[in-house]
Amino acid sequence: MVSLASCGGDAPGSDVPATPAIRVGAGLAADQTLRRAIDSMPRSLDPTLLTDSPAQKVLDDLFEGLTAIGLDGSMVPGVAASWEVSADGKNWVFHLRPEARWSNGDPVTSADFIYAWRREVDPKTGAEYAQALAPIVGAMAIATGHAPVASLGVDAPDPLTVHIALNSPTPYLLFLLADSFMQPLHRATIERWGDDWTRPEHWVSNGPFVVKEVVIDDRISLVKNPLYWNAASVRPARVDYFPLDTLTQVGRFMAGDIQFASIFPNSQFRWLKSRLGEQVVTGPYLAISQMAVNMQGPPFGMSRDLRLALNLALDRTILADKVREGLQLPAFSLIPPLPGYRQQVPEWASWSDERRHAEARRLYAAAGYSPAHPLRIQVDYPTNEDNRDVYDAITAMWLTNLGAQVEPYNEEFRVLVQNLRLHKSALFQDSWVGDYPDPFTFLQLFQTGFDQNFGAYSDPAYDALLAAAAQESDPARRFQFFEQAERRLNEEGASIPVLYYASRHLVKPYVKGWQLNIQDRIVSRYMYLLEHEGR
Amino acid sequence: MLAIPTMLVIATLAFGLLHATPGGPFDTAKRMPPEIQRSIEAKYHLDEPLWRQYLRYLGDLAHGDLGPSFQYRNTSVNELIRSGLPVDAVIGSLALLAAMLVGGFVGTVAALRRSRFFDYGPMFLAVLGISIPVFVTGPLLILVFAVQLHWLPSGDWRGGEVRYLLLPVAALALPYIAYIARMTRGAAIEVFASPFILTARAKGLPARTLILRHALRPVLMPLVSFLGPAFASVLTGSIVIESVFGLPGIGKYFLTGAINRDYTLVVGITVLYGALIIAFNLLADLCYAWLDPRVRLQS
């Protein structure tokens with residue numbers, strides 16, 4: 001597939017005959033087995049130990065938290081039928097539905113949630129995402145080993161009630177509660193089987209499906225959970241997940257062996273679109289591709305002019321339209337499009353190219369650089385086919401528009417992460433996927449002292465804005481603080497936003513019951529297959 | 001005899017090289033609190049000094065325990081190998097068997113009939129077979145037989161059902177068919193020209209007895225020394241075949257294990273590979289002794 005696609009670059013599809021059309025009927029297919037692909041094999045099916053996105057996709061079908069994911073990606077009641085929040089936004093009470101069941105018949109109780117959350121923050125468990133519970137009172141103290149596990153700010157006054165105490169108003173709590181590490185666990189199973197509890201023969205979960213079979217690096221097979229409280233609404237009888245790399249996914253999809261691919265190579269977008277038409281599905285994704293700088297030393301730490309110069313000299317529309325073929329959107333500021341939030345697009349984004357380049361050159365000169373004395377530096381990014389063409393284009397733009405000599409340098413991901421921790425890199429890729437649809441997940445990146453603030457960006461005025469937002473319980477005013485904070489980042493040239501990522505899937509035309517959403521969490525329970533001819 | 005020290009060197013080198021690479025198995029972009037990092041490291045003994053980890057590893061190895069996988073939590077390396085090795089073993093053995101039969105036949109015919117068609121034709125195809133890499137032939141086979149004709153599945157293991165084996169075995173066998181054909185032809189030409197064969201021919205022996213009884217063994221000898229390491233290599237899987245066809249073998253662990261810094265997994269399969277090579281070379285030596293009376297007589 002690779003060789004043919006890249007050979008036929010100029011005339012897409014001319015050397016490969018089109019796949020035959022698929023005819024879709026109106027009724028349901030007899031076999032309601034969904035076959036989906038994920039990017040790689042989940043490291044573990046234990047929700048507490050979650051680290052990778054493929055695992056989350058599978059776990060979304062297996063467990064249900066207080067809240068659940070709706071058809072359009074929004075939060076709907078899950079195990080909790082209703083909830084209230086106090087006036088100061090810091091105390092939430094959830095009322096569990098009495099009919100919720102585990103797959104072995106036991107009722108789901110509030111104790112199951114308390115157990116799971118304590119397990120998550122307990123250092124002994126070794127959960128890599130424990131800090132996601134930071135909004136909960138006492139969570140970080142426990143995770144850093146300074147407090148006993150029982151001091152977590154959650155309690156269960158009765159089997160059907162859960163109370164959560166938060167450090168500050170956290171509007172995105174409902175999204176957090178649908179994440180895998182916030183889902184309930186069946187204590188007796190884990191205590192009995194220990195590390196082996198995730199094996200199919202011991203499996204107990206409370207979601208629409210249960211695990212039937214796991215063959216490492218081959219498939220994960222799920223079947224419908226008859227004891228799920230809402231089993232009547234679950235449409236597929238069986239879901240098979242195949243961990244496959246992106247190229248193999250394309251091949252399998254075109255052969256009809258999978259119906260829903262989780263990804264396809266960016267570089268094949270045009271080609272696939274011409275061959276498969278509407279089966280190629282893309283949409284906005286809550287993630288940004290950007291570069292960050294080391295603020296602790298030269299050349300960027302001292303020179304706002306240089307940071308802004310590099311920012312203005314990038315021709316983002318060319319990157320989006322020509323390099324990414326329209327698949328991704330240009331990013332002029334940190335926060336991707338979010339409902340209810342006003343993106344703070346800088347003024348220069350709408351200038352003409354000439355005006356923008358002229359201003360960039362002026363800033364570059366003001367920073368002390370010239371053709372005789374150009375900027376010579378390296379930009380570090382993780383090794384990835386999709387990254388290389390973007391960075392080649394970016395560095396070429398800086399050379400053409402400014403005369404800056406920036407050398408693209410790719411490193412294996414883990415090596416890069418280690419170098420970033422040691423602050424060895426002056427200019428580097430700092431892409432970020434939002435954990436929940438709220439601006440804070442992005443703005444937090446530039447907060448002083450935040451773990452992933454790899455450039456050591458520190459601005460007291462900015463931190464003050466975030467602190468004010470944290471205490472604000474009125475959503476509109478909270479967003480206003482965030483907007484001011486984002487403007488500040490733009491003015492200071494804190495980072496160099498490049499593109500907003502897109503979610504990309506291949507979907508057979510007879511697969512229904514799904515919708516794209518910005519977090520790309522498309523659960524299987526609503527999906528169904530129509531009868532069809534052809535593959 | 002020399003096997004144990006060799007294995008020790010292999011294990012040590014693999015261990016050392018992997019630990020020398022920057023980055024660790026639990027380095028992610030989203031960092032975790034130090035207490036949790038410490039807890040994970042303690043669980044996997046990554047907090048111990050390197051020499052202690054090494055000795056601990058060797059001790060476990062002596063018991064046949066290859067340790068836990070760092071990448072796949074709550075799964076042991078033994079288990080990963082147990083589930084993955086049969087996949088590579090089946091596909092690899094079938095591929096080599098097919099390669100021996102087809103390649104051997106083609107090579108012998110090419111040697112016997114030195115005519116344009118039966119000799120140059122297959123040999124040209126053989127050069128093609130060796131030159132075209134598997135990551136081209138594999139997807140090509142999928143494109144033709146799965147995507148366009150829908151005759152065969154595009155990948156997957158399915159417990160080794162025959163339909164699912166055909167394409168991976170064919171893709172893997174092609175370069176070996178080519179090698180073996182060329183090797184057989186070369187060996188056969190030499191053997192057929194040798195004095196003892198000419199004598200047998202002069203005596204009037206029928207062609208079948210000539211080939212099967214007298215010529216076959218000397219022709220097989222270079223094949224055997226090629227097949228020894230080839231079997232070992234094929235048993236530990238081909239990253240490309242597994243990746244293209246989506247097969248759950250252990251070949252890809254060489255790559256993903258290194259990238260994920262899954263120390264135990266990589267050292268485990270390296271040690272396995274070393275053991276297989278040693279074992280198959282020994283087997284090849286034994287076959288050699290059986291095939292060639294001169295070797296037996298010498299010792």
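What follows is a chat about a predicted model with chains A and B.

Biologist: What kind of model is this, and how are things numbered?
Modeller: This is a predicted model: local features need pLDDT of at least 70, side-chain atom pairs count only at pLDDT 80 or more, and totals for chains, interfaces and linings use all residues. Residues are numbered from 1 along each chain as its sequence is written, while chains are lettered from A and ligands numbered from 1 in the order in which they are written.

Biologist: Start with chain B. How many helices and strands are there?
Modeller: Chain B has 13 helices and zero strands. Helices (H or I, at least four residues) and strands (E, at least two) are DSSP runs, numbered from the N terminus.

Biologist: What does the C-alpha trace of chain B span?
Modeller: About 85 × 55 × 30 Å along its principal axes.

Biologist: What share of chain B is buried?
Modeller: Of its 299 residues, 38% are buried. A residue is buried if 20 or more other C-beta atoms lie within 10 Å of its own, exposed if 12 or fewer, and partly exposed in between, with C-beta atoms placed from the backbone.

Biologist: How many residues of chain B are in contact with chain A?
Modeller: 41 residues of chain B are in contact with 44 residues of chain A. Contact means that the C-beta atoms of two residues, placed from the backbone, lie within 7 Å.

Biologist: Which helix gives the most to that side of chain B?
Modeller: H6(B), with seven residues. Helices H2 (34-43), H4 (77-112), H6 (134-148) and H10 (239-245) of chain B each supply at least two.

Biologist: How do the residues on that side divide?
Modeller: Into 21 nonpolar, twelve polar and eight charged. Ala, Val, Leu, Ile, Met, Phe, Trp, Tyr, Cys and Pro count as nonpolar, Asp, Glu, Lys and Arg as charged, and the others, Gly among them, as polar.

Biologist: Back to H6(B). How do its axis and that of H7(B) cross?
Modeller: The axes of H6(B) and H7(B) (residues 162-192) come within 9 Å and cross at roughly 145°. Axes are lines fitted to C-alpha atoms, for helices over the stretch in contact, and angles run from 0 to 180 degrees between N-to-C directions.

Biologist: Which residues make that contact?
Modeller: On H6(B), they include B:Leu141, B:Ile142 and B:Phe145. On H7(B), B:Leu167 and B:Pro175 are among them. By class, the contact has ten nonpolar, two polar and no charged residues.

Biologist: Now H12(B). Why does its length agree with what a helix should span?
Modeller: At 1.5 Å a residue, its 29 residues (263-291) should span 42 Å, and its end C-alpha atoms are 42 Å apart. The expected span is 1.5 Å times one less than the number of residues.

Biologist: What do the buried residues of H12(B) pack against?
Modeller: H1 (3-20), H3 (50-62), H4, H9 (207-235) and H11 (251-259) of chain B. The buried residues include B:Tyr263, B:Gly274 and B:Ala284.

Biologist: Switch to chain A. What order does the open sheet of three strands have?
Modeller: E1-E21-E20, with antiparallel pairing. Strands pair if DSSP finds at least two bridges between them. The edge strands are E1(A) (23-28) and E20(A) (511-512).

Biologist: How many bridges join E1(A) and E21(A)?
Modeller: Three. A:Leu28 stands opposite A:Leu530 there. E20(A) and E21(A) (residues 528-533) pair over two bridges, and A:Lys512 stands opposite A:Tyr528.

Biologist: What is the count of buried residues in E1(A)?
Modeller: Zero among its six residues, so E1(A) is hardly covered.
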